[in-house]
Amino acid sequence: VSATVFYHDYRGIRSNETTPVTVFPIRIGNGLEGETWGVEAWGDFDVTERWRLSLGGSTLGKDFRVARGSLDRSNLAAAGHDPDFQVLLRSQYQPTDRIDVDVRLRYVDDVPAERTPGYLRAPAYAEADARINWRITDRVEVALAGLNLLDASHPEATEPRRTEMRRNFQVSLRYGW
């Protein structure tokens with residue numbers, strides 16, 4: 001089991017600055033400041049010699065603002081948009097010496113739409129990933145993986161040009177010398 005409690009005090013964070021007389025050109029500046037805090041915790045439990053369960057999670061609190069003298073016009077868009085918490089459960093199972101079965105479940109809190117015009121809300125989601133790996137010989141390995149198995153697709157970002165994460169299946173063959 002491990003846990004980390006953190007607090008960060010930031011100055012000079014990237015901002016989108018305008019000039020005092022005209023709006024354009026917009027330039028990159030260091031006109032934001034703020035704090036972040038939270039907890040990250042993780043634990044592993046060996047159910048048997050061949051089966052391990054892992055549980056972890058994190059929280060993130062943020063308070064960013066425009067620093068004195070800054071001409072940031074992006075409404076803190078450069079400070080990022082993040083979920084307040086996320087939780088992950090993973091099962092690693094080895095039914096034989098040559099087969100591995102990994103399953104991962106995760107829950108990610110929603111990300112509300114920010115003050116920046118055009119930004120969207122990213123709703124909370126739960127997802128599952130699974131992978132089966134077979135070491136046919138010491139040199140040949142075949143794997144089948146499925147990602148984002150619970151929904152056909154879901155957004156993870158708040159940017160208006162975002163791409164939704166889709167259900168995905170992968171097959172791999174590895175040969176080692």
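**Salt bridges and burial**

Tutor: Arginine 52 forms a salt bridge with aspartate 46, their closest N and O atoms being 2.7 Å apart. The model is predicted, so local features need pLDDT of at least 70 and side-chain atom pairs count only at pLDDT 80 or more, whereas totals for chains, interfaces and linings use all residues. Residues are numbered from 1 along each chain as its sequence is written, and side-chain values use heavy atoms, with hydrogens and water left out.

Student: Why is the contact of arginine 52 with aspartate 46 called a salt bridge?

Tutor: The term requires a side-chain nitrogen of Lys or Arg within 4 Å of a carboxyl oxygen of Asp or Glu.

Student: What makes arginine 52 partly exposed?

Tutor: Buried means under 20% relative accessible area, exposed over 50%, and partly exposed in between (1.4 Å probe, protein chains only). Arginine 52 has 34%, so it counts as partly exposed. Aspartate 46, at 44%, is also partly exposed.

Student: Which residue forms a salt bridge with aspartate 129, and are the two buried or exposed?

Tutor: Aspartate 129 pairs with arginine 106, with the closest N and O atoms 2.9 Å apart. The pair links distant parts of the chain, 23 residues apart: aspartate 129 is in strand β7 (residues 125–135) and arginine 106 in strand β6 (residues 99–108). Strands are DSSP runs (E, at least two residues), numbered from the N terminus. Both aspartate 129 and arginine 106 are buried.

Definitions and conventions
Helices (H or I, at least four residues) and strands (E, at least two) are DSSP runs, numbered from the N terminus.
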